[in-house]
Amino acid sequence: KPLIEKRLGIPFAPEDREKAHEQIRTSIGTFYGSRWLSMLQDSEPEARRKWLIDPPGFGEFRLDGKKAYAKPDLVFSHDGRNYLVEWKSGKPHREQNLTQVQAYMFYAKDIMGLDLESTVGAVHYLTHPEEEPLVVDGRNLDSDEIKKTIKSEIRLIESLCEDVATNTPKPIGHFPKTDVDGYCRLCNYREICKPDFRENNI
């Protein structure tokens, strides 16, 4: 899939290019300084063969019969624990990310057969090295409370569907459009939501 700048014919200004390069440099530096890389480098050859990078499938799993979606970027084992790691390149949203990483742990239980107590979920913010990684230890989870949170998210998503069984969303008119045109400039859904958008709108 082409970069949205190329697809929409948006000029890539030198300052935008330098900003992107700086984010890439920061991300690489944060990755190489992460504890997860140290664990991977410390792994035995047999364990390395079991690493899962972007696990196959769409990340669909069942929570008490309800369909949910979640898939971590990396799954690996180290010293008897199973780690589910998500790399983030955007701004930290710890509350949202907490629900997301907890859902990963239920995904690992349902799809991979991993006990919750054996798992550690983590979100690492690559472009924000000053932000502590979000780490959730499966041994400390209140599984009933987390199920309630995830099911609440599922109900919200289902409320936006015309047909839940086929995951078909309601008509586009059901979703209010933002009045802040700056959000639209690089939005992946701009062509659907605002096909008449013009650069000089912002």
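**View 1. The β4–β5 hairpin in this predicted model.** Here β4 and β5 make a hairpin, with two residues sitting between the strands. Asp 79 is in that turn, and its phi is positive, at about 50°. Look for His 78, which stands opposite Arg 81 in β5.

**View 2. Strand β4 and its pairing with β1.** β4 also pairs with β1 (residues 52-53), again in the antiparallel sense, over two bridges. Leu 52 is the residue that faces Val 75 of β4 across the pairing. β4 itself, residues 74-78, is mostly covered, with four of its five residues buried.

**View 3. What surrounds Leu 84.**

**View 4. The largest nonpolar core.** Zoom out a bit and you get a core of 23 residues. Leu 84 and Met 105 are both in the group with the most contacts inside this core, along with Phe 61, Ala 70, Phe 106, Leu 141 and Ile 150. At least two core residues come from each of β2 (60-63), α5 (94-112), β6 (119-125), β7 (134-137) and α6 (143-159). α5 gives the largest share, seven residues.

**View 5. A second core.** This one is separate and has eleven residues, including Trp 36, Leu 40, Val 85 and Leu 126.

Notes. Residues numbered from 1 in each chain as written. Predicted model: local features only at pLDDT ≥ 70, side-chain atom pairs only at ≥ 80, totals over all residues. Heavy atoms only, no water. Core = buried A, V, L, I, M, F, W, Y, C linked by side-chain atoms within 4.5 Å. Buried < 20%, exposed > 50% of the residue type's maximum accessible area, 1.4 Å probe, protein only. Contact = heavy atoms within 4.5 Å. Pairing = 2+ DSSP bridges. Lists of a residue's contacts leave out its neighbours within four places in sequence.
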